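Colleague: Please take one part of this model and go through it closely. Then tell me how the rest is put together around it.

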Amino acid sequence: MSSTDGRIPLFEREGFIICFEAQDEMTSLREHFKRAGHEKKSIDAMMRKVGSGKAVWFQCLVTAWRDGKQLAEESLGCCYYNSFEEFYKTEGDYFDDMVRQVILDAKKNSPWGCASCCQMFPDGMPDTCPNKANGCDELLASGR
Ligand SMILES: [Zn+2]
């Protein structure tokens with residue numbers, strides 16, 4: 001098994017490695033699109049495309065990593081695309097929002113970031129955050 005364990009490292013942003021992973025979607029494609037009001041004919045066509053590998057049906061997991069540690073994750077179910085690449089290469093689509101969110105969360109969860117103002121300290125966390133205006137001092141003192 002590879003070290004990324006099914007994850008595809010896509011790019012680095014703000015010091016975090018952003019990874020994409022496709023997981024099995026437990027909801028059936030037919031059920032999902034039936035509920036969404038699609039016609040049987042178009043659902044059948046989608047099923048055929050997935051069956052022949054011309055489309056993918058999956059649950060997507062986007063994660064943010066640093067120094068081999070996963071710091072945040074976002075998942076999105078019921079993804080239907082022509083390919084996984086289409087999902088994470090289409091600009092302005094769900095993927096962009098997910099990346100923004102994992103970076104935000106990763107900063108909060110990072111031992112090198114201030115949990116309050118999200119400033120990063122790659123060289124080590126100072127005793128007090130320099131951004132006193134945000135009340136960061138108190139947070140750090142209380143163990144955050
Ligand atoms: Zn701060």
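Modeller: The expected span of a helix is 1.5 Å times one less than its number of residues. Helices (H or I, at least four residues) and strands (E, at least two) are DSSP runs, numbered from the N terminus. This is a predicted model, in which local features need pLDDT of at least 70 and side-chain atom pairs count only at pLDDT 80 or more, while totals for chains, interfaces and linings use all residues. Residues are numbered from 1 along each chain as its sequence is written.

Take helix H2, residues 40-51. Its 12 residues should span 16 Å, and the end C-alpha atoms are 16 Å apart, so the two values agree. Of these residues, the number buried is zero, so H2 lies largely in the open. Here, buried means that 20 or more other C-beta atoms lie within 10 Å of a residue's own; 12 or fewer makes it exposed, anything in between partly exposed, and C-beta atoms are placed from the backbone. Just after H2, Gly-53 has a positive phi of about 80 degrees.

Now the surroundings. The protein chain has five helices and four strands. Their order along the sequence is β-β-α-α-β-β-α-α-α. Of its 144 residues, 19% are buried.

The strands come next. Two strands pair if DSSP finds at least two bridges between them. S2 and S3 run antiparallel, joined by seven bridges. Phe-20 has Val-62 of S3 as its bridge partner. S3 also pairs with S4, again antiparallel, over 10 bridges. Two residues separate S3 and S4 in their hairpin, and Asp-67 in the turn has a positive phi of about 50 degrees.

A nonpolar core is a set of buried Ala, Val, Leu, Ile, Met, Phe, Trp, Tyr and Cys residues joined through C-beta atoms within 7 Å. The largest one has 19 residues; Phe-16, Ile-18, Val-62, Ala-64, Val-99, Val-102 and Ala-106 touch the most other members. Two or more residues each come from S2 (16-23), S3 (56-66), S4 (69-81), H3 (84-89) and H4 (94-109). H4 gives the largest share, six residues.

Val-102 shows the packing. Contact means C-beta atoms, placed from the backbone, within 7 Å. Beyond neighbours within four places in sequence, Val-102 contacts Ile-18, Val-62, Thr-63, Ala-64, Ala-72, Glu-73 and Glu-74. Across the chain, 47% of contacts between residues at least 6 apart in sequence join residues at least 24 apart.

Notes:
Two residues are in contact if their C-beta atoms, placed from the backbone, lie within 7 Å.
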